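Dear colleague,

Please find below the structure that I would like to hand over to you. My findings follow directly after it, and I would be grateful if you read them with the model open beside the text.

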There are 2 protein chains.
Amino acid sequence: MDKKIATIQDVAARAGVSTATVSRTLSKPSVVAKATREAVLAAVDRTGYRVNATASNLRRQRTGSVIALIPNLANPFFSQILAGINSVLHPVGYGLLIADTQAGPNPEDRLSAYLQSSMADGLILFDGTLSAEALKNPGRPPVVLACEWMDDDLPSVRTENARGAALAVGHLFDMGHRRIGHITGPQGNVLSETRLAGYRDALAERGVSTPPDWVFDGDFSMDSGAAAAQKWLQLETRPTALFCASDEMAVGFMGVVQHRGIRVPEDVSLVGFDNIEVVGHLSPALTTIRQRRTQIGEQAARLLLDMIEAGTLTGPSQIVEVELICRDSVARVPA
Amino acid sequence: MDKKIATIQDVAARAGVSTATVSRTLSKPSVVAKATREAVLAAVDRTGYRVNATASNLRRQRTGSVIALIPNLANPFFSQILAGINSVLHPVGYGLLIADTQAGPNPEDRLSAYLQSSMADGLILFDGTLSAEALKNPGRPPVVLACEWMDDDLPSVRTENARGAALAVGHLFDMGHRRIGHITGPQGNVLSETRLAGYRDALAERGVSTPPDWVFDGDFSMDSGAAAAQKWLQLETRPTALFCASDEMAVGFMGVVQHRGIRVPEDVSLVGFDNIEVVGHLSPALTTIRQRRTQIGEQAARLLLDMIEAGTLTGPSQIVEVELICRDSVARVPA
DNA sequence: GAAAATGTTGTAAACGATTGCGGATTTTGC
DNA sequence: GCAAAATCCGCAATCGTTTACAACATTTTC
């Protein structure tokens, strides 16, 4: 059939009009007369023409895609966010390119490269630790930060981290717990620090004080949750409840303590953060703070599109709500 | 500083050469004289020039990206594969576009759209149920199937599904189990069917027969594993062991039976499939069949690149090895 | 020392679309 | 019935590269 892929010229010839008219029929149908429009559409149909995105993008001085820069692609936390991003990008004709910042040697250089590469009309950045010089360059494409954020005034979409921590700790307190520990995220990460601060504030507010060795260093990974469990086991007086800065760490923690025969929640209560899918299927199902990942992705994409459209480098940061999901990993402590 | 983004013209002017020479310096440095080369590179440096990918792609009749078509982006199973794909694509200058096939209304049309969209030089398809007419079109870009495969002779990269099933069932048999059930993947899916067949063959080979209600319909999701558990609970004579066609279903199953106070593996043994990260942290840690997801991604990407390079629509299908990972979810049955 | 081979660079034509401008043609207003 | 306005469409330039071809200079070969 189609020996070659049809170009706009072929369509124009077939419909007996100029390429300009074909182009207009496809992009602004209202300006072309009904009869011609139909002729053109018929020709498009018969030739199986699809506009060549590359040529179109070149002429329109854009790329038609945005890049999501993710610290670690293998982390399932991001997949749902990507789905959210894609769901808004695709309908308006943008493609989603993905790249992991931590895969290569020096992440900052790679960010710079992406910023200048003219490969995308905008970026969504999931790694707040990156702060390339290139972000200062006024000629760069728009960037929005998702989840994390930076001191600079880059627009961002993030969740109510402090409130999430407060909800978690408050819930434990309300259930009678007074010995409440915490497993942190990686040092230097804004998420970790905000959640840690939220934990401290919530305790202080209620007049509860805790020894320093009840906060365990983690890095959001299951392994680090497991490591925290080892430390917890060695404590002479253990906290009766833990607020974990990520669900994954809660899973890691629960895995090792259960393996030791310790019961959750009877012997230790746990609250996670994120509400990743698996934690609802554990036994016990994990009580956690829900982050609406799809919504984060959607809002970040929408914000970025607006910025691209408006040709601006700034925009309104957005906060998405968290929610406490009560399941079975928290026990009431008898007074 | 840089008021406008520099073009190849700017560089040429600055270096006092033609644009052709600049282009050559950047792509085939060997053909330009050392002195000119250095002058050009210096000019590139001073102007901060980066080649405009869109223009380059247009001229070279390519797009510089490949699309990964994934049934469900929110499924963490794929993220590691994507990481693998990206790790081979990125170094050679290809971008990775992602799209989910099941997001919109009619997946087949969307596949066709992607095939014709001239948005990518090739596709990696993770959904073997799609069989668009467009695949017949000789003008389409190369496609490789990953994980799944089709009756057509599309090249594919997949794991040893049958052998995986055989390993799982064999292990259960060796541990003394004779009442072995199965939770299947979605109907009509090649993976489901191959694993189911592998399960049946392994049993037949050992002269074990099982009633039909010991194979439970699932769809790879945790929820379906949980549903299978409900059915299993209602059986009057229950299998003492289950081979689950996915880890996620094993997790779902384990969640509900443990919730009912049934012990794994003392009361029921489980073997999963995939070795997703979380199952190593459960209590008990899940015995499973490992699929090398990163490797699948890498090989699929490499295969596709070769096909793009060679301009062919076919290529050598590849099988990647599986491995039995013994953990704590299988108990020995006393003779 | 002429002819041939080799090496280096520039000229200019693509690649396939979009769009400002202006010329026809039709409609509207009076 | 005629000028003005509106509508529709084509011409041709343009986006930023790459690359066939030709031109010229320099060596090599015999």
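The side chain of R260(B) makes a polar contact with the side chain of Q230(B), at 3.2 Å. Please bear in mind that this is a predicted model. R260(B) is found in the loop that runs between α10 and β9 (269-274) of chain B. With a relative accessible area of 46%, R260(B) is partly exposed. Once residues up to four places away in sequence are set aside, R260(B) touches Q230(B) and L233(B).

G93(A) sits in the loop between α5 and β2 of chain A, and at 44% relative accessibility G93(A) is partly exposed. Leaving out neighbours within four places in sequence, G93(A) is in contact with R62(A) and G64(A). From G93(A) to L41(A) there are 52 residues in sequence and 20 Å in space, C-alpha to C-alpha.

I turn next to the salt bridges. The rule gives 8 of them over all chains, yet it finds 0 across the interface of chain A and chain B.

- E38(B) and K34(B) form a salt bridge whose closest N and O atoms are 3.8 Å apart. Because the two residues are 4 residues apart in helix α3 (residues 34-47) of chain B, about one helical turn separates them. E38(B) is partly exposed at 46% relative accessibility, whereas K34(B) is exposed, with a relative accessible area of 56%.
- D267(B) and R263(B) form a salt bridge with 3.0 Å between the closest N and O atoms. D267(B) is partly exposed at 34% relative accessibility, and R263(B) is partly exposed at 48%.
- E323(B) and R290(B) meet through their side chains in a salt bridge of 3.3 Å, N to O. E323(B) belongs to strand β12 (residues 322-325) of chain B and R290(B) to strand β10 (residues 287-291) of chain B, so this pair ties together parts that are 33 residues apart in sequence. E323(B) is partly exposed, with a relative accessible area of 35%, and R290(B) is partly exposed at 27%.

How do the two chains meet? In chain A, 50 residues are in contact with 49 residues of chain B. The size of an interface is often given as the accessible area lost when the parts come together. Here chain A and chain B bury about 4000 Å² between them, with 58% of it on carbon and sulfur atoms. The count of residue pairs in polar contact between chain A and chain B is 10. On the side of chain A that touches chain B, at least two residues each come from α4 (53-60), α5 (79-89), β2 (95-100), α6 (107-116), α9 and α10. Of these, β2(A) gives the most, with 6 residues.

The nonpolar cores deserve a separate look. The largest holds 64 residues, and within it W232(A), F253(A), W232(B) and F253(B) touch the most other members. Two or more residues of this core come from each of α9 (222-234), β8 (241-244) and α10 (247-259) of chain A, and from each of α9 (222-234), β8 (241-244) and α10 (247-259) of chain B. Apart from neighbours within four places in sequence, the contacts of W232(A) include F216(A), P239(A), L242(A), F253(A) and V257(A). A second, separate core has 60 residues, among them F78(A), M307(A), V157(B) and L304(B).

Finally, I looked at the cysteines. A disulfide is a covalent bond between the sulfur atoms of two cysteines. The structure holds 0 disulfides over all chains. C147(A) is in none, and the nearest cysteine sulfur, that of C244(A), is 19 Å away. C147(A) is buried, at 6% relative accessibility. C326(A) is partly exposed, at 48% relative accessibility.

With kind regards

Conventions:
Residues numbered from 1 in each chain as written. Chains lettered and ligands numbered in written order. Predicted model: local features only at pLDDT ≥ 70, side-chain atom pairs only at ≥ 80, totals over all residues. Heavy atoms only, no water. Core = buried A, V, L, I, M, F, W, Y, C linked by side-chain atoms within 4.5 Å. Buried < 20%, exposed > 50% of the residue type's maximum accessible area, 1.4 Å probe, protein only. Contact = heavy atoms within 4.5 Å. Disulfide = S-S within 2.5 Å. Buried area = accessible area lost by both parts, 1.4 Å probe. Salt bridge = Lys/Arg side-chain N within 4 Å of Asp/Glu carboxyl O. Polar contact = N/O pair within 3.5 Å; in protein donor to acceptor, adjacent residues only side chain to side chain.
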